[in-house]
Each structure stands twice: as C-alpha cells, then as structure tokens.
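Keep the viewer open as you read.

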Amino acid sequence: MRTPLVVGNWKMNGSISANKALLAGLTEQWQGQSAELAVCPPAAYLNQAQQLLAGSTIALGAQDASAQASGAYTGEHSAAMLQEFGCRFAIIGHSERREYHAETDQAVAEKCKALLAAGLVPIVCVGETLAQRESNETLDVIKRQVSAVTDFVGSEALAGVVIAYEPVWAIGTGLTATPEQAQEVHAFIRQQLGSLGDETRILYGGSVKADNAEKLFGMADIDGALVGGASLKVDDFIAIGNAAA
Ligand code: PEP
C-alpha cells in the first residue's frame, strides 16, 4: 500500500514574509489526512521553514542536493546539511536543473545515492520534451533516465525512492498530460522497476491544479503529485493534497 504524496516545489520563489503567510495557512488547514504533504522551499529558507513547520505533519524537502559529502563545491548543499535542517526529501534531476545546469543522468544517479546514504528520500524527476514526445521517443527517454538511477543505486533501494514523472512540455505551461497519457508512462516506469517497485511512489508533475488533480490521482499508478505554481497558494495546494487523500 503506497501512501499518496503531494510535494510543493516552490522553485526560486518566496520571501521571509511570504513564506510565513504560506506556511501559516498550510499548517492551519492541513489536518494530516491519509496523504502526505511536503514543501520544498529554496535552500536559503530551509531554516525558516523548519521552524515554522515544527509540530506540523507537513514535511520539508530541498530542491536539489550535492552528490558530494563536503569540500570545495561552492554553492552546493550536502545531504547531511539538508538533514540538519529537517529535510526528509530532496528533489533531484528536475528538468530545469537538467536544462540550465547541464545535469546528466549520471549526476542525478550520484545525487540519489548520496541522499539514500544520508537517510533522505530522493524525488527523482524524469520526463520527455515536446520534441521527444512528438517523435515517439517518450518511453525511450524515460527508460534511459530511470535506469541510470536504478542501475547505479541498485533495485533493493527502490522502496526508499520517489519518482516524479514530469513531461517537460507540461511544466509551468498550463498544459497537463491527460490522466491516460500520464498513466501510460507511470505504468511503464512501474514495470521497469520490477516487483520491488510495487512500493515505489510515482508522482505526476506538470501544471497540476485543484481542478485536474482528482482525475490524475484516480489512475492506478499515480501516487500523488509534484506541484510547482499551485503550491504557492494555500487553498490550491491544500485542495490538491485533499484530492490525494
Ligand atoms: C514543477 O516545477 O515541478 C512543476 C510541476 O511545476 P508546475 O506545477 O508549475 O507545472
């Protein structure tokens, strides 16, 4: 039985006062239903978020993590550092990092291993571009991105990993994959993970909103969502969490 999970990716948004208002609204309205809710603020605000979430059932996550434990890696944050700030999750391999920071499949696999070793739950993002979908390469791309991670960390670690299927063409565009399109890829990922993947949560991400979440969550292999824009609004994010519960 996989507990549904809804994760908010704030991206590079927020301020001390805006975070305070957002987290006050979320902690007041989220009752700890049968789904899990998590927020991933920018690293600069993890300390603030950790304090504001104290005593709440809302979990904290980071938007990235270094594959290295420590040393001369300017601008990076290790898994152990994230853990000190109360993070349970860390998003890795988001398409914005793959695109703007040239993050490779191998780099994502190494980050995944470092997070698992530190006891954090990696949220590994995979997804095809519009050009790849239009040229029927979707499943090949997904297979390559998923197997880079599973081959490197070993299938026995899979229960502790979350995978987020995020078609690049649906992120921040208002274009959501249909529940059937998403389910096809989720089922493919689950099949690729093998029997140990039965416990792996596979989230959908890409313009999830309060009004499309329920249909997506109704699909057999969709275990929740990674939410960008709608995670910055209390009512919308709570509604998506409730749809998963
Ligand atoms: C994301 O940033 O992972 C995302 C899915 O964004 P949005 O919900 O805004 O499309």
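Is His101 buried or exposed? A quick word on ground rules before the answer: this is a predicted model, where local features need pLDDT of at least 70, side-chain atom pairs count only at pLDDT 80 or more, and totals for chains, interfaces and linings use all residues. Numbering starts from 1 along each chain, following the sequence as written.

Now the answer: His101 is exposed, because it has 11 other C-beta atoms within 10 Å. The scale here calls a residue buried if 20 or more other C-beta atoms lie within 10 Å of its own, exposed if 12 or fewer, and partly exposed in between, with C-beta atoms placed from the backbone. You'll find His101 in the loop between helix 4 (95-100) and helix 5 (105-117). Its C-alpha atom is 13 Å from that of Ala65, a residue 36 positions away along the chain.

Zooming out, the protein has 10 helices and eight strands; these are DSSP runs numbered from the N terminus (H or I and at least four residues for helices, E and at least two for strands). The radius of gyration is 17 Å, close to the 18 Å that the globule rule gives for 245 residues, so the protein is as compact as a globular protein of that length. That radius is taken over C-alpha atoms, and the rule is 2.2 Å times the number of residues to the power 0.38. The C-alpha trace spans about 45 × 45 × 35 Å along its principal axes, and 43% of the 245 residues are buried. Of the contacts with a separation of 6 or more, 72% join residues 24 or more positions apart, a contact being two C-beta atoms, placed from the backbone, within 7 Å.

On to the helix packing. Two packed helices are described by the angle and the distance between their axes. Helix 1 (residues 16-29) and helix 10 (residues 234-244) have axes that come within 9 Å and cross at roughly 35 degrees. Axes are lines fitted to C-alpha atoms, for helices over the stretch in contact, and angles run from 0 to 180 degrees between N-to-C directions. On the helix 1 side, Leu22, Gly25, Leu26 and Gln29 meet Val234, Phe237 and Ile238 of helix 10. That contact divides into five nonpolar, two polar and no charged residues, where Ala, Val, Leu, Ile, Met, Phe, Trp, Tyr, Cys and Pro count as nonpolar, Asp, Glu, Lys and Arg as charged, and the others, Gly among them, as polar.

Stay with helix 10 for a moment: its buried residues include Phe237, Ile238, Ile240 and Gly241. Their cover includes strand 1 (5-9), helix 1, strand 2 (36-40), helix 9 (213-217) and strand 8 (224-227).

A second pair is helix 7 (residues 138-153) and helix 8 (residues 179-193), with axes that come within 10 Å and cross at roughly 40 degrees. Among the residues that meet are Leu139, Ile142 and Val146 in helix 7 and Val185, Phe188 and Ile189 in helix 8. This contact has seven nonpolar, three polar and one charged residues.

Last, a backbone detail. Most residues other than glycine have a negative phi. Lys11, in the loop between strand 1 and helix 1, has a positive phi near 50 degrees. Lys11 is partly exposed, because 19 other C-beta atoms lie within 10 Å. Asn136 also has a positive phi, near 60 degrees, and sits in the loop between helix 6 (130-134) and helix 7. With 8 C-beta neighbours inside 10 Å, Asn136 counts as exposed.
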